[in-house]
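Morning, everyone. Let me put the model up, and then we go through its contacts.

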Amino acid sequence: MLTLDNVSVKLGDLRFSYTLKTDATRISAILGKSGSGKSTLLNVIAGFLPATGGELEWQGKSLLGLPANKRPVTTLFQQHNLFSHLNVGQNIGLGVKPNLKLSAQEWQSVERVLEEVDLQGFIKKSAANLSGGEQQRVALARCLLRKQPILLLDEPFSALDESTRYDMIELTRKVVELHELCVILVTHNADDAKLMNAKQYQLQDGTLKPQTTEHRQQTL
Amino acid sequence: MSGLKAQINSALNHWWLPGLLALVVLALITGLPLTALILTTSEINLSGVFQNTYFNRVIFFSFYQALLSAVLSVGLAIPLAQALSREQVFPGRKWLIYLFSLSLVIPTIVAIFGIVAVYGRTGWLNNFTAWFGIDPFSIYGLSGILLAHVFFNMPLATRVLLQSLDNIPDTQWRLSTQLRLNGFSQFRFIEWPAMRTQLVGVFMLIFTLCFTSFTIVLTLGGGPRATTIEVAIYQALRFDFDLSSAVSLALVQMAFCTLLLLLSAFFKHNAPLGFSITPAATVFRPVNKKRWVSFSIIILAALFVVLPFMGLLISAVNPSTVAVLIHTNTIQATINTFIIAVVTACISVAMGIALLISSRHIRIRLAYHKLGQWIQHAGNIILVMPPVVLGTGLFLLLRDFADVFSIALLLAILINSLMALPFVLRILDGPIIQATEHHDKLIQSLGISGWSRWRLLDWPLIRQPIGYAMGLSAALAAGDLSAIALFGSERALTLPLLLFQRIGSYRLHEAATTAGVLLMACLVLFVLMRAIAGGQLLRPIHADS
């Protein structure tokens, strides 16, 4: 279980305080306008921003003392998920070992995870030559291979065109359910949340409010 | 992991370590000489500086010639930039603008030789005008200093202004045609506003460059009537051995340089550092009704810049060429020049990278943008403490411990490294930031750090700019006269010093060949360092992009 108990952050004059409880295998979607603090929430879970108070726990253990790279978390960003001077295999391999010295077995697992996102044979392709949708799929493959139980999705579908977006959401939902991940999806698009089968929360005035289905239909 | 690698790895894991080391080195190289300068002042009467007529004249002349040089350079650059911007297509345009960037790597002393060959007493111009019975034009004194300063800085100003003209949006030109603006109105409402934003900045830059100008004033000036503070310090130290004058002038010079630096901080300019050529625009341009005016300006400017190079190339091969080439002095000077250049390039680029890696962490990951920039500005210390001032400090610091003339090469390397550092920082800053800018969170979450980060994420992206920075600092060090003029001797010759001596004793044949050798040395060093460090030999140069 992922628990946020009044996790507070100060950004200049803005104050946020997040409270959220979610099961280890549930998809939660955080909806809100830009500037409402959606990305700040992900940054504080991932450890990019220090919390000024409250408690953040995963399976009963506090995460707040851990640096970003030691947390059981992996993030799929909206863009710039790949290093464009490296190839697909290297980009995924960095998620396995940050010095890129992978064993033969590990390279095989890179190929396997590429099959999972329907990109078999892409391992030697340069990241610079991929389409936007392919880039996000490579990044998703890396997230899966890192085997971290918490997956943070930071508007990962927003930069994609309409048809690619549906395919990507479908693929993401499938692999997330298969790998039984705890997912926090941040988006400004209520459609994304619906398609991901997510429990929805509205972020307003610095706090999270669960949204019932009825309420959601009213706002739509 | 080998021992060195492990050490670098642990150094890179501590983001503050490289920058701190570089700052400590900078503080030692400049702080100790400065302390030596200040401690010496207790023995002298500083207020005497402003009562001494010689000093007053030197200080006045420093400002006077810098002001005239900057006014002339910028003033001539305005019509030239306008002409080049109105004429986007003509044969040789690319090469002319390319030539305008060369002043960055051409050693000053080499260009001076070219200028003397064309405009000197027995040069082409005077030979030509003598036919018409016109009195010879003297290149020594204020006129020569101005000529050389304009030769170096007018092209620089032109490139800055041309850049702003080329950035004028297409729609403004279309609009000006529909409104039927005439040539002057185009200038007044479109071209002038575009240039004006850069004008003060580039004026300040050129003023500062000319104020601290050393080589040009040393060779073409001289005497109390045409001496700048920088040269007066050198003369006090090297010829009169008048320590108190040298120290007082050095402190005065530092005060003025600090003032100028603070002033220029207010005025931004986008002086280019590379050889990138603005592509011949395919944008719409109004018809240029006075093409003959534009072309006259361009041809005159081209002659002004090209003739000295031709003068140099033509005179470099002469009856004494072979004798000069195999002379032991030439060979020794060439070897020393290469040593200074290569070591300087390594030191200044290493210091630059060290400062930038720490400053990047502070700016991006810790988000203290200003603090990070200040750490980087420490690398520009030479702008406050110009070479001859730093040299004077080093002289005072070391005179009790060592024979400064026997460690001349080492001191030249120290001074040249600091001289190249501002260029290195400007070249590498953008690429090092870009290598991280959008990916910092990703890098953090994947835990890529230390040696792996350098090897996988930084080096592949900044290798090419590093090669360019190495090439440029090597060429700068190879062509520099200011540091070696203070400490050099027959025991520690470099090519610029040898050339200076040969010009000074009017052995012009020998000087011409020496200039050719120095020019070749700079070119070879530039290409070679770029090739080795940047991993490329003969690819087109694109430093700005």
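I will take the chain interface, then the domains, then a sheet, then salt bridges.

Ground rules first. This is a predicted model, so local features need pLDDT of at least 70 and side-chain atom pairs count only at pLDDT 80 or more, while totals for chains, interfaces and linings use all residues. Residues are numbered from 1 along each chain as its sequence is written, chains are lettered from A and ligands numbered from 1 in the order in which they are written, and side-chain values use heavy atoms, with hydrogens and water left out.

Start with chain B against chain A. Contact here means heavy atoms within 4.5 Å. Chain B gives 16 residues and chain A gives 20 residues. The buried area is about 1,800 Å², with 66% from carbon and sulfur atoms. That area is the accessible area (1.4 Å probe) that two parts lose on being put together, summed over both. Who supplies it on chain B? Lys441(B), Leu442(B) and Leu446(B) give 31% of what chain B buries against chain A, more than any other three residues.

Now the elements. Helices (H or I, at least four residues) and strands (E, at least two) are DSSP runs, numbered from the N terminus. On the side of chain B that touches chain A, α19 (440-446) and α20 (450-479) of chain B each supply at least two residues. By class, that side has 8 nonpolar, 6 polar and 2 charged residues. For the classes, Ala, Val, Leu, Ile, Met, Phe, Trp, Tyr, Cys and Pro count as nonpolar, Asp, Glu, Lys and Arg as charged, and the others, Gly among them, as polar.

How many salt bridges lie between chain B and chain A? The count is 0. The cut-off is a side-chain nitrogen of Lys or Arg within 4 Å of a carboxyl oxygen of Asp or Glu.

The contact takes 35 residues from domain 1 of chain B and 44 residues from domain 2 of chain B. Together the two domains bury about 3,400 Å², 78% of it on carbon and sulfur atoms. Between these domains the salt bridge count is again 0.

On the side of domain 1 of chain B that touches domain 2 of chain B, the elements giving two or more residues are α5 (108-119), α10 (215-220), α11 (229-238), α12 (243-266) and α13 (291-316) of chain B. The largest share, 9 residues, comes from α12(B). That side has 26 nonpolar, 7 polar and 2 charged residues.

Over to chain A. Here an open sheet of 4 strands runs in the order β2-β1-β4-β5, with antiparallel pairing. Pairing requires at least two DSSP bridges between two strands. The edge strands are β2 (14-22) and β5 (61-62) of chain A, each pairing on one side only. Strand β1 (residues 2-11) of chain A is joined to β2(A) by 8 bridges. In β2(A), Leu20(A) is the bridge partner of Leu4(A), and Phe16(A) is that of Val9(A). β1(A) and β2(A) form a hairpin with 2 residues between them. In the turn, Gly12(A) has a positive phi of about 60 degrees.

Last, salt bridges. Over all chains the count is 15. One of them joins Arg165(A) to Glu162(A), closest N and O atoms 3.3 Å apart. Both residues lie in helix α5 (residues 162-179) of chain A, 3 residues apart, about one turn of the helix.
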